[in-house]
Amino acid sequence: MTDPITEIHVLLVEDDPGDVLMTQEAFEHHKLRNQLHVVSDGVEALAFLRGEGEYAGSPRPGLILLDLNLPRKDGRQVLEEVKNDQTLRSIPVVVLTTSQAEEDILRSYNLHANAYVAKPVDFERFIEVIRQIDDFFVSVVKLPR
């Protein structure tokens, strides 16, 4: 008997409105049941994750999609803080960014990113990548509750 697919909350940390829109469309296009929450910088991301300020009572995400180049607090700093925080470190973090620089890839994995994905420029490919990330981390991988 297989486990039923559970709905999770996904936190998208992205400052580019176009990429936010494409991610939202990918969730809608593939009828992904997961709830997408969006914040636009690293400071907001950490406030959401810690339930601080306007994010008091926010749900704990089961997955974080993290851009690296963010205002106020860089994605690398967010990743480092998440993975150094005892209460947050078990949340899988997928770095989803335009950077294909080897130093960014290496640093992200050294900071314990669970995956590093370069954003495709093509809209259809982008939608497919989002679907694959969702499918893998929700349907295939066992996540902690």
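The model is predicted, so local features need pLDDT of at least 70, side-chain atom pairs count only at pLDDT 80 or more, and totals for chains, interfaces and linings use all residues. Residues are numbered from 1 along each chain as its sequence is written, and side-chain values use heavy atoms, without hydrogens and water.

**Exercise 1.** Determine which residues line the largest cavity, and which classes they belong to.

*Solution.* Step 1: a cavity is a set of points, on a 1 Å grid over the protein atoms alone, where a 1.4 Å probe fits but cannot get out; lining residues have an atom within 4 Å of a point. Step 2: the search of the whole structure finds 1 cavity of 30 Å³ or more. The largest cavity has a volume of about 40 Å³, where volume is the space filled by probe spheres set on the points, and grid points are joined across faces, edges and corners. Step 3: the lining consists of Leu11, Val13, Ala45, Leu49, Ile64, Leu66, Val78, Leu79, Val82 and Val93. Step 4: by class, the lining has 10 nonpolar residues, no polar and no charged (nonpolar: Ala, Val, Leu, Ile, Met, Phe, Trp, Tyr, Cys and Pro; charged: Asp, Glu, Lys and Arg; polar: the others, Gly among them).

**Exercise 2.** State which residues of H1 meet H5.

*Solution.* Step 1: helices are DSSP runs of H or I with at least four residues, numbered from the N terminus. Step 2: Asp19, Met22, Thr23, Glu25, Ala26, Phe27 and His29 in H1 meet Phe123, Phe126, Ile127, Ile130 and Asp134 in H5, contact meaning heavy atoms within 4.5 Å. Step 3: this contact comprises 7 nonpolar, 2 polar and 3 charged residues.

Methods:
On a 1 Å grid over the protein atoms alone, a cavity is a set of points where a 1.4 Å probe fits but cannot get out, and a pocket is an open set with protein on both sides within 12 Å along at least five of seven lines; lining residues have an atom within 4 Å of a point. Helices (H or I, at least four residues) and strands (E, at least two) are DSSP runs, numbered from the N terminus.
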